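Keep the 3D view at hand as you read.

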Amino acid sequence: MGDVAKDLAAGTVGGAAQLICGHPFDTIKVKLQSQPAPLPGQPLKYAGAMDAVRQTLAAEGPRGLYKGMGAPLATVAAFNAVLFSVRGQMEALLRSEPGAPLTVNQQIVCGAGAGVAVSILACPTELIKCRLQAQSALADSGSAGVAVKYGGPMDVARRVLRSEGGVKGLFKGLIPTMAREVPGNAAMFGVYEALKQYLAGGQDTSKLGRGSLMLAGGLAGGAFWFSVYPTDVVKSVIQVDDFKNPKYSGSIDAFRKILASEGVKGLYKGFGPAMARSVPANAACFLAYEVTRSSLG
């Protein structure tokens with residue numbers, strides 16, 4: 001079995017583990033990010049992460065926490081397969097000889113390259129996911145553009161293709177998606193490699209146990225979100241913005257308006273759930289990837 005095929009298979013398993021562990025946290029993150037600013041004297045729809053959980057469970061039951069999972073579940077194989085296989089191919093290009101370990105800086109380069117590749121797939125998937133997750137919060141704002149409920153991932157895709165400029169509409173938010181994925185994955189894979197080498201006491205990390213892999217993977221996932229979170233907020237508001245009556249003219253405009261109306265705090269809405277999700281989800285992802293990759297030889 002070739003290295004590319006092994007990375008594809010292991011990346012698929014890792015992505016599935018990540019999604020199952022992390023999607024409820026992601027749902028709460030997007031709801032907090034996309035809730036409309038309240039009228040003067042009125043409170044926010046969600047007072048915080050736990051309040052968003054309580055309201056979601058009360059209104060929609062446990063299934064509400066997994067709303068929008070269809071789109072990433074349908075593409076999780078492709079997304080993580082691309083991420084880990086592109087990273088694997090870049091590792092092969094940077095190695096001085098087959099099997100030679102890479103430095104942390106080389107892993108950062110590999111992560112950045114993989115981030116460019118996955119952005120193309122991530123953008124339409126994220127748009128569909130964010131629309132489904134955010135619609136219950138946005139509907140309360142009274143905007144006609146969000147009053148219609150989406151029936152599911154395919155319904156979102158059909159509506160966007162029909163009324164938002166065709167295929168181009170599915171790639172709304174591509175720039176902030178790339179601005180998230182490239183530095184985010186560079187940080188994640190760099191931190192992952194640095195922690196593995198620290199825990200192993202050198203560049204040979206092949207003997208690390210599962211606990212060490214989970215620790216390194218969880219903290220690496222945290223590094224991803226810590227480094228790019230404001231960019232993710234901008235991406236989310238751009239992707240759920242009304243097509244006919246847009247609030248934002250672009251990513252820079254969204255950044256400025258969020259900063260002007262909500263301050264720096266507005267760029268970190270949902271940060272708690274994102275960090276709470278990233279550690280267990282990425283611990284599961286990297287462990288599943290490493291175990292599967294090792295079992296394939």
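This is a predicted model: local features need pLDDT of at least 70, side-chain atom pairs count only at pLDDT 80 or more; totals for chains, interfaces and linings use all residues.

A residue counts as exposed when its relative accessible area is over 50%. M154 is exposed because its relative accessible area is 57%. You will find M154 in helix α5, which covers residues 153-163.

Next, the surface. Y198, L199, L215 and L219 make up a nonpolar patch there, and together they have about 420 Å² of accessible area. Helices α7 (174-200) and α8 (210-240) each contribute at least two residues to the nonpolar patch. Y198 belongs to helix α7, and Y198 counts as exposed because its relative accessibility is 66%.

| Residue | Helix | Relative accessible area |
|---|---|---|
| M154 | α5 | 57% |
| Y198 | α7 | 66% |

Now for the open space. How much space lies in the largest pocket? The largest pocket holds about 980 Å³. Helices α1 (3-34), α3 (70-94), α7, α8 and α10 (271-295) each give two or more residues to its lining. In total, 32 residues line the largest pocket, and those nearest its centre are E91, R95, K196, E290 and R293. Sorted by class, the lining has 12 charged, 11 polar and 9 nonpolar residues.

Key. Residues are numbered from 1 along each chain as its sequence is written. Side-chain values use heavy atoms; hydrogens and water are left out. Helices (H or I, at least four residues) and strands (E, at least two) are DSSP runs, numbered from the N terminus. Buried means under 20% relative accessible area, exposed over 50%, partly exposed in between (1.4 Å probe, protein chains only). Patches are made of residues with over 30% relative accessible area and no salt bridge: like charges are joined within 9 Å, nonpolar side chains (Val, Leu, Ile, Met, Phe, Trp, Tyr) within 5 Å. Accessible areas come from the Shrake-Rupley method with a 1.4 Å probe; for residues, only the protein chains shown count as cover. A salt bridge is a side-chain nitrogen of Lys or Arg within 4 Å of a carboxyl oxygen of Asp or Glu. On a 1 Å grid over the protein atoms alone, a cavity is a set of points where a 1.4 Å probe fits but cannot get out, and a pocket is an open set with protein on both sides within 12 Å along at least five of seven lines; lining residues have an atom within 4 Å of a point. Grid points are joined across faces, edges and corners, and a volume is the space filled by probe spheres set on the points. Ala, Val, Leu, Ile, Met, Phe, Trp, Tyr, Cys and Pro count as nonpolar, Asp, Glu, Lys and Arg as charged, and the others, Gly among them, as polar.
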